[in-house]
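I set out to look up the pocket, the core and the strand pairing of this chain. My entries follow.

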Amino acid sequence: MKLSLLEQETVLLYNQAESAAEVYTHDPKLMKKLEKLAEKYPEQIIKKDANNFIVPKRCVSVREPYSEKRRKAASERARAAGYKPPLKSSSGQ
């Protein structure tokens, strides 16, 4: 098994006194997203090395989970609007 499949942990270093947070991750999806954001916003999101990123705190959030009722309503609205879920690639990602 590949290392990336075994180790997909993410550590968020969030210091109250700092304006940015550090994200240490081995999660391939999160790494890809952070890399794209670092390319698009290099002055705000900094790639320190292969697994470490500095992000503004406003990019970090914890939200209340969606209720099943809200999730179903959103799904029905999307279906009515003609949205379709993205297709998964053959590699499973």
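I took a pocket as an open set of points on a 1 Å grid over the protein atoms alone, with protein on both sides within 12 Å along at least five of seven lines, and lining residues as those with an atom within 4 Å of a point. Grid points are joined across faces, edges and corners, and a volume is the space filled by probe spheres set on the points.

The model is predicted: local features need pLDDT of at least 70, side-chain atom pairs count only at pLDDT 80 or more, and totals for chains, interfaces and linings use all residues. Residues are numbered from 1 along each chain as its sequence is written, and side-chain values use heavy atoms, with hydrogens and water left out.

Pocket. I noted about 230 Å³ of space in the largest pocket. Its lining includes Leu12, Val23, Leu34, Ile45 and Val55. I found that α2 gives the most to this lining, with four residues; helices (H or I, at least four residues) and strands (E, at least two) are DSSP runs, numbered from the N terminus.

Core. The residues are Ala21, Val23, Leu34, Ala38, Ile45, Phe53 and Val55.

Strands. β1 and β2 pair (at least two DSSP bridges) in the antiparallel sense over four bridges. Leu12 stands opposite Val23 in β2. A hairpin joins β1 to β2 through six residues.

Notes. Core = buried A, V, L, I, M, F, W, Y, C linked by side-chain atoms within 4.5 Å. Buried < 20%, exposed > 50% of the residue type's maximum accessible area, 1.4 Å probe, protein only. 1 Å grid on protein atoms, 1.4 Å probe; cavity = no way out; pocket = protein on both sides within 12 Å on 5 of 7 lines; lining within 4 Å.
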